[in-house]
Amino acid sequence: MFDCHVHTEFSTDSSMKLKDAIKKAKDIGIGLIITEHMDLKYPVEGNFQFDVKRYFKEYGYLKNDKVLLGIELGLRTDCIDENKIIALENPFDYVIGSIHVVNGIDIYQDYFYAEKDKNQAYEEYFKFMYECVKESDFFDSLGHIDYIARYAPFEDTEIYYDIYSDYIDEVLKILSNREKAIEVNTRRINDKKAAENILTILKRFNELGGKYVTIGSDAHNTSDIGNNFNMALDLVEKSNLKVVYFKERKMEYI
Ligand SMILES: [Zn+2]
Ligand SMILES: [Zn+2]
């Protein structure tokens, strides 16, 4: 197994040491792909960006078959080319494409939701995701499709596929047509309702021709590495998809 989504010190919001991450992964018998945050044009200047050359310089010597070096790129419609250059002109093993900032606001922030009801906010999120994914053909797996459900200030933050199926289907179709993977982000799947809603999306991905899944904890500290992986495997099995990871941008089966 590989944990395909882990943040260490090169990410603005993590202080985990690579050596500690490697030790934890070794202890629990899994491989690791480091995926540092790169959100170009982030609203707070310099946040969620890192020096890619320094990353390879400092981490390159620790790379091996079980420790791979990737990136989590924040997708946006206004820096498609800049993101593409980062993804294609550096020796990453793996590139996650994620939606964090929607129309200029990190959806982690409360004010993204100001004067919006849940449907308005979630439709804006999925519409933006669709536009980004359509224009961005340089990532390997779409990160945490349920990211908005982590932070939205509504009583029920769950993503019900039926309500947003128009946009979700378009996103899944693009991924499937391009033979890209979708991530099962394990952060929320210990919640039964969250797991059910993710499973619906995974099954739909399979129906639309999708085949591949990456599994990632999105750990920012060692205790989260490999979290809920058995639950993730169960969801993948139920949706008839294959678990993969990426090495030198090539898909590897687990
Ligand atoms: Zn993310
Ligand atoms: Zn992340």
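Mentor: Keep in mind that this is a predicted model. Start with helix 6, residues 161–177. Two helices pack against it here: helix 4 and helix 7.

Take helix 4 first. Helix 4 spans residues 118–135. Its axis runs 9 Å from that of helix 6, at an angle of about 15 degrees. Angles under 35 degrees count as roughly parallel, and therefore helix 4 and helix 6 are roughly parallel to each other. Their crossing is left-handed. On the helix 4 side, the contact uses K118, N119, Y122, E123, F126, K127, M129, Y130, V133 and K134. Helix 6 answers with I163, Y164, Y167, I168, E170, V171, I174 and L175.

Now helix 7, residues 192–207. The angle between helix 6 and helix 7 is about 45 degrees, and the axes lie 10 Å apart. That makes helix 6 oblique to helix 7. This crossing is right-handed. Helix 6 contributes Y161, I168, D169, L172, L175 and S176 to the contact. From helix 7 come T200, I201, R204 and F205. Look at I168 and L175: both are listed in the contact with helix 4, and both are listed in the contact with helix 7.

Follow the chain past helix 7. L208 sits in the loop that leads from helix 7 to strand 9 (212–216). Leaving aside residues up to four places away in sequence, L208 touches D169, L172, K173 and S176. Among these, D169, L172 and S176 also belong to the helix 6 contact with helix 7. For a sense of span, L208 and D81 are 28 Å apart, C-alpha to C-alpha, and 127 residues apart in sequence.

The largest core has 77 residues. Y55, Y125, M129, V133, I148 and I159 touch the most other members. Helix 4 gives the most to this core, with 8 residues. I148 touches I107, F112, Y113, A121, Y122, Y125 and I159, with residues up to four places away in sequence not counted. There is also a second, separate core of 11 residues, including L68, I96, Y212 and F246.

E72, H100 and H144 coordinate the zinc ion (ligand 1) at 2.1 Å. E72 donates through OE, and each histidine through NE2. The donor spacing along the chain is E-x27-H-x43-H.

Two backbone details remain. Most residues other than glycine have a negative phi. N103 has a positive phi of about 45 degrees. N103 lies in the loop between strand 5 and strand 6 (105–106). F48 also has a positive phi, near 55 degrees. F48 is in the loop between strand 2 (31–38) and helix 2 (52–59). Its relative accessibility is 14%, so F48 counts as buried.

How values were computed:
Residues numbered from 1 in each chain as written. Chains lettered and ligands numbered in written order. Predicted model: local features only at pLDDT ≥ 70, side-chain atom pairs only at ≥ 80, totals over all residues. Heavy atoms only, no water. Donors = N, O, S within 2.8 Å, 3.2 Å for Na, K, Ca; no water. Helix = DSSP H or I, 4+ residues; strand = E, 2+ residues; numbered from the N terminus. Buried < 20%, exposed > 50% of the residue type's maximum accessible area, 1.4 Å probe, protein only. Core = buried A, V, L, I, M, F, W, Y, C linked by side-chain atoms within 4.5 Å. Contact = heavy atoms within 4.5 Å. Axes fitted to C-alpha atoms, helices over the stretch in contact; angles between N-to-C directions. Parallel < 35°, antiparallel > 145°, perpendicular 65-115°, else oblique. Left-handed = near helix turned anticlockwise from the far one by under 90°.
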